[in-house]
Amino acid sequence: MYPEVRRVYMSEKMSEKQEWQALLDQFISHAGEEGLFELETNIADDPVTYCRRELGHPIGELTELEKVFVSVDIPEFPLNVDSYARYLSEDILNHVVPVSSPAFVGHMTSALPKHLPALGKVLTALNQNLVKLETSHILTALERQVLGMMHKLVYHRDEDFYQQWLHNGEHALATFCSGGTLANLTAMWACRNQLMPADGDFAGLAREGLARGLLHYGYRGLAILVSEQGHYSLKKTVDVLGLGQDALVKVETDREGRICIDALLAQLQTLRQRNIKPMAIVGIAGSTETGAIDPLNRLADIAEQEQCYFHVDAAWGGASLMSERYRHLFAGIERADTVTIDAHKQMYVPMGSGMVLFRQPTLTNAIAQHANYIVRKGSKDLGRHTLEGSRSAMSLMLHSNFYLLGRRGLASLIEASIEKAQQFADLIHQQEDFELISEPQLCLLTYRYVPPTVLSALREGSASVRQQLHELLNALNQSIQTSQWTAGKSFVSRTHLKPVQWDRQPTTVLRVVLANPLTTLEILENMLEEQRQLARQSPFWQTLQDLVGD
């Protein structure tokens with residue numbers, strides 16, 4: 001199935017001295033790298049065209065692809081560079097997922113601005129490490145500037161504030177990390193540590209640990225409250241922080257996917273009765289599944305009343321603050337103690353670039369760490385306030401977009417994506433055999449395929465028939481999504497929701513993210529037609545027809 005690569009090993013015909021020189025040449029010379037340069041030209045210079053030309057074919061079965069990767073022996077001798085380039089081209093890169101394609105609209109990944117691959121090559125070559133000044137220097141100052149820009153985007157403090165804190169070595173306005181998961185964890189880490197400070201003979205949670213802190217302060221436990229659409233990273237967070245899975249309290253959502261305030265208040269009352277301290281309330285500003293935005297001002301009010309930390313997970317929606325047209329959707333975000341934003345979503349930088357922003361820079365004291373050989377006390381080493389140690393200068397990617405696209409350019413991209421989602425929602429409404437499940441609040445929406453006769457039976461049939469139909473529809477939509485991804489022409493993701501309009505019945509839905517500016521309405525129309533054809537080819541189609549008697 002896969003072309004046999006002609007492997008030419010460099011060391012087979014070399015003396016020991018020649019072998020050493022060839023090894024040194026890997027660091028200082030480009031000789032013999034024509035194959036890699038060709039790959040770079042074909043892919044890095046124009047990934048969208050590469051996706052359309054080379055990757056628009058059926059996705060290979062993973063079990064077959066795995067056969068290329070069965071050897072666990074590290075090669076003894078180096079492979080000829082051209083041979084390796086051919087191996088990459090024929091066995092690997094022509095099977096990657098074409099995430100830059102405008103027809104692949106299932107996840108956060110998108111086409112990127114053309115300047116970023118070149119900048120990525122520069123960053124790789126310079127290999128800066130932002131953990132400490134000794135390996136980053138000027139890029140530390142640049143990263144602090146970028147984080148200051150993001151802080152002002154969210155919190156809108158005055159110039160005196162930023163003059164005081166922007167380059168303050170003792171504190172940080174924000175930190176970069178690899179993504180929203182670590183950003184949320186960092187925010188909750190700071191929250192937990194400052195919740196139980198030193199008091200009397202207790203040296204503080206960071207010193208003595210959670211068990212001793214709970215005993216000293218008289219709590220039976222801690223809890224983090226978030227809507228049922230909260231990101232799964234919060235499950236990891238309560239686990240890593242030693243709170244236990246039950247400490248994550250999920251609150252039901254309304255028809256629009258926003259947290260129900262009455263349900264939240266009821267959960268807080270239950271926690272009080274059990275003497276469990278609400279550690280944090282987490283507002284969602286663009287849920288991963290539907291793009292829903294919680295009522296942030298109301299959550300901030302409740303957090304103040306409860307004397308509770310308020311964190312906003314805006315990994316998805318935070319970029320939309322660039323748009324004056326849609327900024328009002330996030331009213332109240334500036335009241336959050338911390339905010340998570342992912343630049344690799346709608347700020348159009350490569351994976352992975354997350355951030356956590358601190359309303360009060362002194363909060364970073366709760367998580368500051370030092371070491372004698374790096375991140376020393378009194379230094380401006382960025383690693384003093386980050387969970388990660390060594391990391392690359394991804395902040396330069398975002399810096400370049402700020403300067404080469406500008407706030408207005410980024411706002412235009414975001415506004416176009418939201419409006420495209422609204423147009424796609426209108427298109428779905430026009431189809432008799434598709435049902436919109438969640439109206440778009442940002443650039444995400446969910447829907448499913450439902451034949452009209454089945455939809456009627458769902459509304460009018462007996463309870464037992466409705467249950468069977470729900471289960472078959474779930475299987476049918478899962479089949480559509482899997483078949484479409486395997487065919488390789490276009491892609492949507494899928495998830496499970498509990499829509500209010502269907503009595504919270506677990507429902508498999510198709511999920512679309514319209515962040516790619518190259519995606520057109522015509523592409524989306526063709527995608528729906530492909531899904532319609534795949535539905536009718538599915539074995540679940542006829543079973544549904546038999547059940548409704550058509």
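Leaving aside neighbours within four places in sequence, which residues is Ser100 in contact with? Contact here means heavy atoms within 4.5 Å. The partners are Pro47, Val48, Cys51, Ser110, Ala111 and Asn516.

A word on the model. It is predicted, so local features need pLDDT of at least 70 and side-chain atom pairs count only at pLDDT 80 or more, while totals for chains, interfaces and linings use all residues. Residues are numbered from 1 along each chain as its sequence is written, and side-chain values use heavy atoms, with hydrogens and water left out.

Back to Ser100. It sits in the loop between helix 5 (81-92) and helix 6 (115-126). Helices are DSSP runs of H or I with at least four residues, strands are runs of E with at least two, and both are numbered from the N terminus. Ser100 is buried, at a relative accessible area of 11%. Buried means under 20%, exposed over 50%, partly exposed in between, with a 1.4 Å probe and protein chains only.

For Cys260, the nearest is that of Cys308, at 18 Å. Cys177 is buried at 9% relative accessibility. Cys260 is buried too, at 18%.

Last, the strands. Strand 2 (residues 221-227) pairs with strand 3 (residues 248-251) in the parallel sense, over four bridges. Pairing takes at least two bridges found by DSSP. Val226 has Lys250 in strand 3 as its bridge partner.

Conventions
Disulfide = S-S within 2.5 Å.
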